[in-house]
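Hi,

Here is the structure I promised to pass on. Have a look at it first, and my notes come after.

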Amino acid sequence: MKALLLSLSILLAIVCSRVQATTLGLGTLKLPVYLHGSDSDTYLQVIDVPFVAGGASPEWWVHALGLPFVPPSDQFWREKGDVNMVSRYGLSITCHVGNFDEDFVVTIDAAKAKVPEGYPFTIEQVVDSAATCVRLMYPDRPKTEGRLVIKIIPAPANPESPAKTAVPASEQAR
């Protein structure tokens, strides 16, 4: 009986050490969206979007900036899809937060970004709108508590054209 109680308490201790508590919170997030309207209104809108997060602040909103967002709509929007241009273009956004007196470093990686078919914006415009959203969402802090640093990893100069490393076929061609 003692062995059974001992093994049960050890199992309970192992399970309890692996459990994490989460507190959900509701916040707003600024996202650059494009609703594929008429050709005359081709501009990115920065709008507030409600978001439920279970992570720590301010890291959750940086992570959420790259997630797809399909807004709730009526039955007339037939082809519902992601309207968040950060996720649509494939940008990766990460952050590093140190202690309260260290910098808040946000990295916007456009190395794997691609322009989706039918979208009028360049990758640089979407990167700029993502950086604008980060600046708008960063909470005001005293200057002694660190600053916001945005690092941008640009897209390759010409991702469509492969490097030309052709080898001549014969000795005469050399």
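Below is what I found, going from the overall layout to single residues.

First, the ground rules. This is a predicted model, so local features need pLDDT of at least 70 and side-chain atom pairs count only at pLDDT 80 or more, while totals for chains, interfaces and linings use all residues. Residues are numbered from 1 along each chain as its sequence is written, and side-chain values use heavy atoms, with hydrogens and water left out.

**Overall layout**

The protein has four helices and five strands; helices (H or I, at least four residues) and strands (E, at least two) are DSSP runs, numbered from the N terminus. Read from that end, the order is α-β-β-α-α-β-β-α-β. Of the 174 residues, 28% are buried, where buried means under 20% relative accessible area, exposed over 50%, and partly exposed in between (1.4 Å probe, protein chains only). The accessible surface is about 12,500 Å², and 57% of that belongs to carbon and sulfur atoms. Those areas come from the Shrake-Rupley method with a 1.4 Å probe; for residues, only the protein chains shown count as cover. As for contacts (heavy atoms within 4.5 Å), take the ones between residues at least 6 apart in sequence: 58% of them join residues at least 24 apart.

**The core**

The largest nonpolar core holds 35 residues, and W61, L65, L91, I93, I108 and I123 have the most contacts inside it. Two or more residues each come from β1 (25-33), β2 (45-53), α2 (59-64), α3 (85-89), β4 (104-109) and α4 (123-137). The biggest share is from α4, with eight residues. A core here is a set of buried Ala, Val, Leu, Ile, Met, Phe, Trp, Tyr and Cys residues joined through side-chain atoms within 4.5 Å. In soluble globular proteins, nonpolar side chains tend to be buried together.

**Residues to click on**

L65 sits in the loop between α2 and α3. It counts as buried because its relative accessible area is 0%. Beyond four places in sequence, L65 touches L29, K30, L31, N84, V86, I93, A130, C133, V134 and M137. L65 and I93 are 28 residues apart along the chain, with 7.4 Å between their C-alpha atoms.

I108 contacts L91, S92, I93, V127, A130, A131, I150, K151, I152 and I153, leaving aside neighbours within four places in sequence. T107 is in strand β4 and is buried, at 19% relative accessibility. With residues up to four places away not counted, T107 touches S92, I93, T94, K151 and I153.

A113 is in the loop between β4 and α4, and it is buried at 7%. Its C-alpha is 5.5 Å from that of L91, 22 residues away in sequence. A113 also touches Y89, G90 and I123, among others, once residues up to four places away are set aside.

**Cysteines**

How many disulfides are there? The count is zero, taking a disulfide as a pair of cysteine sulfur atoms within 2.5 Å. C133 is buried, at 0%, whereas C95 is partly exposed, at 26%.

**At the helix α1 end**

L4 lies in helix α1 (residues 2-18) and counts as exposed because its relative accessible area is 56%.
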